[in-house]
Every structure is written in structure tokens, then in C-alpha cells.
Amino acid sequence: MNIKEKKAKCVFVMKRNGKPYRYMTRVIIRGNRFYLGCYKTEKEASTAYEQFMDYFNKYGVVTSL
């Protein structure tokens, strides 16, 4: 059985010279765009997204708006 890893949500590949360079994380919630940063690995970017969503779901609002 071949198990594939799920592609991370809201993580986009930034390429340089046709090769993956960085992984950018951004989220749009209720029409507000949140840029979470650029990371060297897809796993780091995915972790940042998960932490942001945990925080957002816990408190229900983002105070920086």
C-alpha cells in the first residue's frame, strides 16, 4: 500500500530558476489576508499555518485587525 503525504494547506512554493526556493504561508479569513511568512521547508510552513489556525480557533478573533 502506497501512503502519500497530504499537501499542506495554504502553503505555496516560491521558485527560483525553476527550482523550489522557499515556502510561503498565507491565509484569507473573512476577507482578511494574513501573511504568515516564508520558510525553508514545507513542514515549517505547514506548522506555522497549523499554529495560527489553532490560535485563531481558540480565541475566535485576531486582535491585530
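**Core.** I started with the largest nonpolar core in this predicted model. I count eight residues there: Val27, Ile29, Phe34, Leu36, Tyr49, Phe52, Met53 and Phe56. S2, S3 and H1 are the elements that each put two or more residues into this core. Which of them gives the most? H1 does, with four residues.

**Ile29.** Next I looked up what Ile29 touches, leaving out residues up to four places away in sequence. My list reads Phe34, Phe52, Met53 and Phe56. Those four names are also on my core list, as is Ile29.

**Sheet.** Then I went through the strands. I find an open sheet of three strands, ordered S1-S2-S3, and the pairing is antiparallel. Why is one side of S1 and of S3 left without a neighbour in the sheet? Strand S1 (11-16) and strand S3 (32-39) are at the edges and have a single partner strand each, so one side of each has no neighbour there. From one strand to the next, I note an average twist of 30 degrees.

**S1 with S2.** I checked this pair by its bridges. S2 covers residues 19-29, and six bridges join it to S1 in the antiparallel sense. Where does Val11 find its bridge partner in S2? At Thr25.

**Helix on the sheet.** Last, I turned to H1, which spans residues 42-59 and packs on the sheet. Which strands does H1 touch? I get contacts with S1, S2 and S3. I also noted the angle between the directions of H1 and S2, which is about 10 degrees.

Key:
Residues numbered from 1 in each chain as written. Predicted model: local features only at pLDDT ≥ 70, side-chain atom pairs only at ≥ 80, totals over all residues. Heavy atoms only, no water. Pairing = 2+ DSSP bridges. Axes fitted to C-alpha atoms, helices over the stretch in contact; angles between N-to-C directions. Contact = heavy atoms within 4.5 Å. Core = buried A, V, L, I, M, F, W, Y, C linked by side-chain atoms within 4.5 Å. Buried < 20%, exposed > 50% of the residue type's maximum accessible area, 1.4 Å probe, protein only.
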